[in-house]
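Here are a few friendly notes to read alongside the model. Please keep the structure open as you go through the points.

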Amino acid sequence: MKKFPLLLLTLLTIITTNSFTLIAQKAATPQFIINSRGWLFNKAGNQIGYIDKNDVVRDNTDKGLFSVDMSGKVTTADGRQLGTVKKNGSYCNVKGESLLHIKYAGKDQYQITDATGHPLGKAHKNYKQHAYAALLLANR
């Protein structure tokens, strides 16, 4: 009878540890990835679009959805401004609120995080300014 509480405690510890491990793995999975060719992938690893030579984010049907101009303005295909990519690597919406942060992660890769520091995605150095548009496409 003395073994029952010990067995119960051991079982509870194993279940709790596995649950936290699964939660940590899910949180660490990026919602999107932009590779060195400008291809966009969702968290399942499926290609969902690409960035063309004119800095237009397109889906797999070649439909232009978002663009980033030289001054860092992110706009929709119909011309509505969504926000601005700042020089320090952060993205601010039209109200000036900081939504995304970009920081170097090594080997030409940048980690994209939300304002609280939670990882959202990864981007090649050539496409880090497209992170917000890629996040919007990944969450469509």
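**Notes on the fold and its cavity**

1. The chain has 2 helices and 11 strands. Helices (H or I, at least four residues) and strands (E, at least two) are DSSP runs, numbered from the N terminus. Starting at that end, the order of elements is α-β-β-β-β-β-β-β-β-β-β-β-α.

2. A word on the source: this is a predicted model, where local features need pLDDT of at least 70, side-chain atom pairs count only at pLDDT 80 or more, and totals for chains, interfaces and linings use all residues. Residues are numbered from 1 along each chain as its sequence is written, and side-chain values use heavy atoms, with hydrogens and water left out.

3. Of the 140 residues in the chain, 35% are buried (under 20% relative accessible area, 1.4 Å probe, protein chains only). The chain exposes about 9,200 Å², and carbon and sulfur atoms supply 58% of that area (Shrake-Rupley method, 1.4 Å probe).

4. Now look inside: the count comes to 1 cavity of 30 Å³ or more. A cavity is a set of points on a 1 Å grid over the protein atoms alone where a 1.4 Å probe fits but cannot get out. The volume is the space filled by probe spheres set on the points, which are joined across faces, edges and corners. The largest cavity holds about 30 Å³ of space.

5. Which residues line the largest cavity? They are Val85, Tyr91, Leu100, Ile102, Lys128, Gln129, Ala131 and Tyr132 (lining residues have an atom within 4 Å of a point). At least two residues of this lining come from each of β9 (98-106) and α2 (131-138).

Definitions and conventions. 1 Å grid on protein atoms, 1.4 Å probe; cavity = no way out; pocket = protein on both sides within 12 Å on 5 of 7 lines; lining within 4 Å. Buried < 20%, exposed > 50% of the residue type's maximum accessible area, 1.4 Å probe, protein only.
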